[in-house]
Amino acid sequence: FRLDRFGAWPNIECPTEHRRTGVRQFQAAIRSRARARYTSWSWAVGSRPQHEFPQQPAIKVEVIIEINANLIAHSRVSTMITGPDGRGVVGLEGIEQLSAENEPTCLGRDELRSALTADQIETLSSTQVQAFSTSQIESLSTTQIEALSTSAIHSLKTQMIEALSSTQVAALTVDQIESLSTTTIKALSSKAIASLSTTQLQSLSEDQVRALETADVRALSSAQIAALSSDQIAALSTSAIAVLTSSQMAGLSADDLGALTTAQMAALTKTQLAGLTATTLQALGTDQIHALTAAQVQGLTTTQLTALTTDQVAAFSTSAVAALSTQQMLGLSTDQLTSLTEDQVRAISTKSLAALTTDDIRALTLEQVGALSSTQLGAMGTAQIQALTSDQLQSLSTSAIRGLTTKEVAALTVSQLDALTE
């Protein structure tokens, strides 16, 4: 550049905050109708001014011209700039841009920062990077993004993070990903999150995974979900778990499902549970099974129920057992049925109990029969009553026997009556 007539002109308007004396030699505050000393000189990048100052050593400088919208030049003045500290305001009567062949290679006109090399980007401090505008952040190439230090990445402001494109986010290194704060993770768009590779996703800490929002998780592919570790899956919020699609759920391994917290289990929808295979269901712990709500258990298919172990069936909450349909009850194997606790037996609905076969009734343990209430016993059919063994009848409580209807009493065999007498 060639800079002429250093000083202020009367046709310049400027904001109030700049109306003060400059802090550097040969700088002047730009005032409305101000007068200032005129000095005519030229500057070439890397050289000394033609106006010699013997007492000052030669200084290599880089001049960056930036338009300030608050400063208005009516005529002859192309632009205004402030000093590095924001206080000294320099007025330039004219700026003459050098021809292309004389322009320093490090300058990129209005895209100055995009011309910085990776090595130069790497040396930038967090403070320098924080001074970038969002447009400058957007102009960074993937190579430049990769060159940013982890401390610089960590220091990025929310608006800078929001300005990152999915292509730029996809270029982040594992170390850079690990340096992102949870606030930064939340600031990334769902499209940016979806652009992460499986390697990048696997580098996320549990806290970072916990910071993912429902829209972010919904945007991930089944392959990306499958790439997450069991610990990462367990770190997902309950709201994030609830939005997993059927294809995403299919990507979860048995270990992943086994790592889900009880709160996450309770957050699963009936549709999500219906998509689980028998193998994955068997990987669930008894605490996880116990955490299932009545609505969730009611949504399980008979195939899924029969795949459960006896320990898992015994872990159902009483409300879950009460919600079992007649078809689900009939789908339980004899071993599963006999694994029910006394509290669970008391919770069986009269409709489901009445649907049990005579073989199911005979298979009930003495403790289970003894747990039957008068209401349950009164709801049983005559064939079921006749299927009770003498030992089972003797295990009935007196209050339960009072629940027998006249039709049920009439259906008792002689041996059953003898057992009751004894």
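Predicted model: local features only at pLDDT ≥ 70, side-chain atom pairs only at ≥ 80, totals over all residues.
## Residues are numbered from 1 along each chain as its sequence is written, and side-chain values use heavy atoms, with hydrogens and water left out.

Lys157 counts as partly exposed because its relative accessibility is 35%; buried means under 20% relative accessible area, exposed means over 50%, and partly exposed lies in between, with a 1.4 Å probe and protein chains only. Although Lys157 and Ala187 are 30 residues apart along the chain, their C-alpha atoms are separated by 9.4 Å.

For the chain as a whole, the secondary structure comes to 38 helices and five strands, and 39% of the 422 residues count as buried. Of the contacts (heavy atoms within 4.5 Å) that join residues at least 6 apart in sequence, 70% are between residues at least 24 apart.

Where do the nonpolar residues gather? The largest nonpolar core has 88 residues, and those touching the most other members are Ile137, Leu188, Ile225, Leu236 and Phe316. Helix 6 gives the most to this core, with three residues. Such a core is a set of buried Ala, Val, Leu, Ile, Met, Phe, Trp, Tyr and Cys residues joined through side-chain atoms within 4.5 Å. In soluble globular proteins, nonpolar side chains tend to be buried together. Leaving aside residues up to four places away in sequence, Phe316 touches Ile289, His290, Leu292, Val297, Leu305, Leu308, Val321 and Gln344.

Leu188 also belongs to the lining of the second largest cavity, together with Ile153, Leu156, Ile161, Leu164, Leu172, Leu180 and Thr184. By class, that lining has seven nonpolar residues, one polar residue and no charged residues. The volume of this cavity is about 40 Å³, and a search of the whole structure finds three cavities of 30 Å³ or more. On a 1 Å grid over the protein atoms alone, a cavity is a set of points where a 1.4 Å probe fits but cannot get out, and lining residues have an atom within 4 Å of a point. Grid points are joined across faces, edges and corners, and a volume is the space filled by probe spheres set on the points. For the classes, Ala, Val, Leu, Ile, Met, Phe, Trp, Tyr, Cys and Pro count as nonpolar, Asp, Glu, Lys and Arg as charged, and the others, Gly among them, as polar.

What does Ala419 touch, not counting residues up to four places away in sequence? Ala419, placed in helix 38 (residues 414–421), touches Ser390 and Gln394. Ala419 is buried because its relative accessible area is 5%, and its C-alpha atom lies 5.3 Å from that of Ser390, a residue 29 apart in sequence.

Conventions
Helix = DSSP H or I, 4+ residues; strand = E, 2+ residues; numbered from the N terminus. 1 Å grid on protein atoms, 1.4 Å probe; cavity = no way out; pocket = protein on both sides within 12 Å on 5 of 7 lines; lining within 4 Å.
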